[in-house]
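Please look over the model below with its ligand site, its charged pairs and its backbone in mind. The notes after it are arranged by topic.

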Amino acid sequence: MTDFISFPFYDLFQENGHVPQIREKLPPLLTGVRRSILEIGAGTGLITTSLADWTPAEIFALEPSAGMRAVLLSRLSARPELLDRVTVLSCDALSVDLDEPVEAMVMINVMYALEPDYRRRLWPVLADRLEPGGLLVFTWRAGGPPAPRPLQELESRRVGRHTYTVLSEVLGSDGEAFEARYLYRITENGKVIDEEEIVGHAYRPVWEKLEPELTGAGFVRADAPEGLLAWRLA
Ligand SMILES: C[S@@+](CC[C@H](N)C(=O)[O-])C[C@H]1O[C@@H](n2cnc3c(N)ncnc32)[C@H](O)[C@@H]1O
């Protein structure tokens, strides 16, 4: 696993990336959720603490990566009042086992990491762990995988005397999968002092694929703002 290369960069950029949009669009969907939420792929907890702020629900924050979980637990320990309400689960989504079905599930920026066969097997598992009428919300982008494009800077942030930069390139796509190359670069006075590369596959299923997977698992589509899909278990 080479993803650990990106961990030091994660919070630096995500607070300026998808997180503000999610913090605007997600709370209205969770109105009325009071008992329990499973967050799948909680990462470093950027959304987890918000879920706890928006709702009185008990939260199960599932995060299989030990590196991400370390930051998540560090974030939670800075909010001691949340520690009796947030349980951190170290398994992956397909292996989730809960004492009782949850009221809602949230999966933010995780779909890209799920291989198609894994994803297809996931929906029935989630349906089994969700209460009848329960809510499933996740991020989704229409249009399938991106077209190949050359290396470009995604974002850059100063940290003391260093500048942290992430660059990415789309190498190619095949069906719903695409191959991307990321460079994680640290510079000082314009000189590169550290640079590491990750090349990997990501997935962007089109609606025509996704919709039958979810309805086949017993979900019915509900209203959600652009960038999010919401479903109710029938
Ligand atoms: C881009 S991060 C998003 C983190 C967080 N949801 C956020 O929005 O900041 C994707 C997360 O999904 C997790 N992930 C990847 N595959 C997973 C799986 N099969 N089950 C659960 N989580 C997974 C990764 O470990 C990573 O922490």
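Predicted model: local features only at pLDDT ≥ 70, side-chain atom pairs only at ≥ 80, totals over all residues.

Residues are numbered from 1 along each chain as its sequence is written, and side-chain values use heavy atoms, with hydrogens and water left out.

**Annotated domain**

- An unreviewed UniProt entry places the feature "domain: Methyltransferase" at residues 37-134; such positions are given in the numbering used here, feature names are shortened, and annotations may be inferred rather than shown by experiment.
- Across residues 37-134 the chain is 34% helix and 24% strand, with the end C-alpha atoms 10 Å apart; helices (H or I, at least four residues) and strands (E, at least two) are DSSP runs, numbered from the N terminus.

**Ligand site**

- The ligand is surrounded by 20 residues, of which Y10, H18, G41, E63 and I108 are the closest, where a residue counts as near if one of its heavy atoms lies within 4 Å.
- The shell around the ligand divides into 13 nonpolar, five polar and two charged residues; Ala, Val, Leu, Ile, Met, Phe, Trp, Tyr, Cys and Pro count as nonpolar, Asp, Glu, Lys and Arg as charged, and the others, Gly among them, as polar.
- An oxygen atom of the ligand lies 2.7 Å from a polar side-chain atom of H18, and an oxygen atom of the ligand is 2.6 Å from an N or O atom in the side chain of E63.
- A nitrogen atom of the ligand lies 2.9 Å from a polar side-chain atom of Y118.
- Taken alone, the ligand exposes 590 Å², and the protein buries 88% of that, with accessible areas from the Shrake-Rupley method and a 1.4 Å probe.

**Salt bridges**

- The structure holds 12 salt bridges, each defined as a side-chain nitrogen of Lys or Arg within 4 Å of a carboxyl oxygen of Asp or Glu.
- One of them joins the side chains of R75 and D11 at 2.1 Å, N to O, and the pair links distant parts of the chain, with R75 in helix α4 (residues 66-77) and D11 in helix α1 (residues 7-14), 64 residues apart.
- The side chains of E176 and K209 meet in a salt bridge at 3.5 Å, N to O; because E176 lies in the loop between β7 (162-174) and β8 (177-188) and K209 in helix α6 (residues 207-216), the pair ties together parts that are 33 residues apart in sequence.
- E176 counts as buried at 9% relative accessibility, whereas K209 is partly exposed at 41%; buried means under 20% relative accessible area, exposed over 50%, and partly exposed in between (1.4 Å probe, protein chains only).
- R119, E176, K209 and E213 are linked in a network of salt bridges.
- A salt bridge of 2.6 Å, N to O, joins the side chains of E197 and R181, and since E197 lies in strand β9 (residues 191-203) and R181 in strand β8, the pair ties together parts that are 16 residues apart in sequence.

**Backbone angles**

- Most residues other than glycine have a negative phi.
- N109 has a positive phi, near 55°, and lies in the loop between β4 (102-107) and α5 (116-129), where its relative accessible area of 34% makes N109 partly exposed.
- N189, which is not a glycine, has a positive phi of about 50°; N189 is placed in the loop between β8 and β9 and counts as exposed at 78% relative accessibility.

How values were computed:
Polar contact = N/O pair within 3.5 Å; in protein donor to acceptor, adjacent residues only side chain to side chain.
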